[in-house]
Amino acid sequence: MKLRVADPRRPAILVTDQGLTRGDGVFETMTAVPAEGSGLGSPLRVRKEDSHLARLATSAQALEIPLPPAADWQRAAAAGLEAFAAGNPGVDAVVKLVATRGPEGAPGGGHYVRDEAGVERLTGTYWVLVSPVSPGLVAARERGLKVLLLDRGVDSGVAERAPWLLMGTKSLSYAVNMAALRYATSQGADDVIFTSSDGQVLEGPTSTVLMARRVPQQDGSIGVELITPLRSSGILPGTSQGTIFAAAQAAGWQLGYGPLEPSDLVDADGVWLVSSVRLVAPVTHLDGEEIPQDPELTELLNGFLAEDREPGEHGP
Ligand code: PLP
């Protein structure tokens with residue numbers, strides 16, 4: 001695919017694009033950090049790139065949107081990062097990958113079409129946007145988060161029962177997630193954990209929930225159990241959660257998957273919201289009540305995330 005480096009302040013997308021008119025598309029948000037000792041190539045290294053590209057492909061498959069090959073995304077991200085680094089030396093970057101169904105009325109309706117030679121071509125719209133990490137997010141991570149539990153209005157079995165709802169895919173339709181965050185702000189909170197109508201803990205609007213318990217071991221030592229909600233409950237599988245679990249497993253922690261209820265979070269030794277941009281942010285309050293925090297575990301989890309391990313397979 002032919003690449004073009006564009007100025008993000010200039011118009012670049014048709015007003016008929018279904019990504020705009022219907023939120024009909026998928027995306028990924030990755031981060032890039034200075035590559036240690038790299039004299040050659042891109043001065044910034046994308047973290048967990050393979051996991052993000054794999055999840056982009058899964059989301060696109062769920063929406064039946066054709067994607068260019070991973071190598072094209074990698075080339076585009078590298079070109080964007082080079083341009084970004086030239087103007088922002090030493091600054092960490094957010095790298096957003098977007099694929100939409102393309103303009104309304106396009107040949108193939110945004111699906112693969114074959115030209116006369118029988119070669120498939122893509123009719124979606126595809127771009128990579130590189131921008132600086134917002135300082136607000138870094139501050140929130142350090143301060144900790146006051147979180148509201150908000151009802152998502154669907155039960156934990158909906159993903160399996162109604163795949164057309166696209167639960168657990170990273171589609172462009174994030175208006176509801178953003179509305180939940182605005183509601184939280186209006187109530188004096190910083191963030192949200194969605195619950196299902198049958199009372200399970202799900203995820204944040206832009207993050208995965210983790211909780212930990214310190215557990216006495218048979219040999220008298222204290223181990224750590226790290227738990228995240230059940231993936232089958234209609235949540236997005238987090239790349240940060242996956243890589244943290246891989247490192248935690250290597251460190252001898254016990255790993256667990258839900259179902260979790262809000263009372264499990266209250267009784268935990270620590271609760272965190274994690275994502276690629278925010279990293280590991282401790283939750284300090286749930287619905288206005290202070291909950292236990294464990295700065296040592298926060299530091300360990302941040303260290304696990306920084307290892308950038310391949311997630312591997314860890315459970316449901
Ligand atoms: N859950 C949702 C709904 C998200 O939008 C995100 C990321 O934006 C996450 C979880 C965390 O995913 P990751 O750790 O891959 O950034």
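Me: Which residues form a nonpolar patch on the surface?

Reply: Ile13, Leu20, Trp127 and Leu129 do, with about 330 Å² of accessible area together. A patch here takes residues with over 30% relative accessible area and no salt bridge, joining nonpolar side chains (Val, Leu, Ile, Met, Phe, Trp, Tyr) within 5 Å and like charges within 9 Å, and accessible areas come from the Shrake-Rupley method with a 1.4 Å probe, where for residues only the protein chains shown count as cover. Please keep in mind that this is a predicted model, in which local features need pLDDT of at least 70 and side-chain atom pairs count only at pLDDT 80 or more, while totals for chains, interfaces and linings use all residues. Residues are numbered from 1 along each chain as its sequence is written, and side-chain values use heavy atoms, with hydrogens and water left out.

Me: Switching to charges, how many salt bridges does the structure hold?

Reply: The structure holds 13 salt bridges, each being a side-chain nitrogen of Lys or Arg within 4 Å of a carboxyl oxygen of Asp or Glu. One of them joins Arg214 and Asp294, at 2.9 Å from N to O, and this pair links distant parts of the chain, 80 residues apart, with Arg214 in strand β9 (residues 208-216) and Asp294 in the loop between β14 (289-290) and α9 (295-306).

Me: And how exposed are Arg214 and Asp294?

Reply: Arg214 counts as partly exposed at 31% relative accessibility, whereas Asp294 is buried, with a relative accessible area of 12%.

Me: Which residues are linked in a network of salt bridges?

Reply: Arg45, Arg47 and Asp308 are linked in that way.

Me: What about the ligand, which residues come nearest?

Reply: Of the 17 residues around the ligand, Arg55, Tyr174, Thr239, Ser240 and Ser276 come nearest, a residue being near when one of its heavy atoms lies within 4 Å. A polar side-chain atom of Tyr174 lies 2.5 Å from an oxygen atom of the ligand, and for Ser240 the distance from such an atom to a ligand oxygen is 2.6 Å. Taken alone the ligand exposes 390 Å², and the protein buries 95% of that.

Notes. A polar contact is a pair of N or O atoms within 3.5 Å; within protein, one must be able to donate a hydrogen and the other to accept it, and residues adjacent in sequence count only if both atoms are side-chain atoms. Helices (H or I, at least four residues) and strands (E, at least two) are DSSP runs, numbered from the N terminus. Buried means under 20% relative accessible area, exposed over 50%, partly exposed in between (1.4 Å probe, protein chains only).
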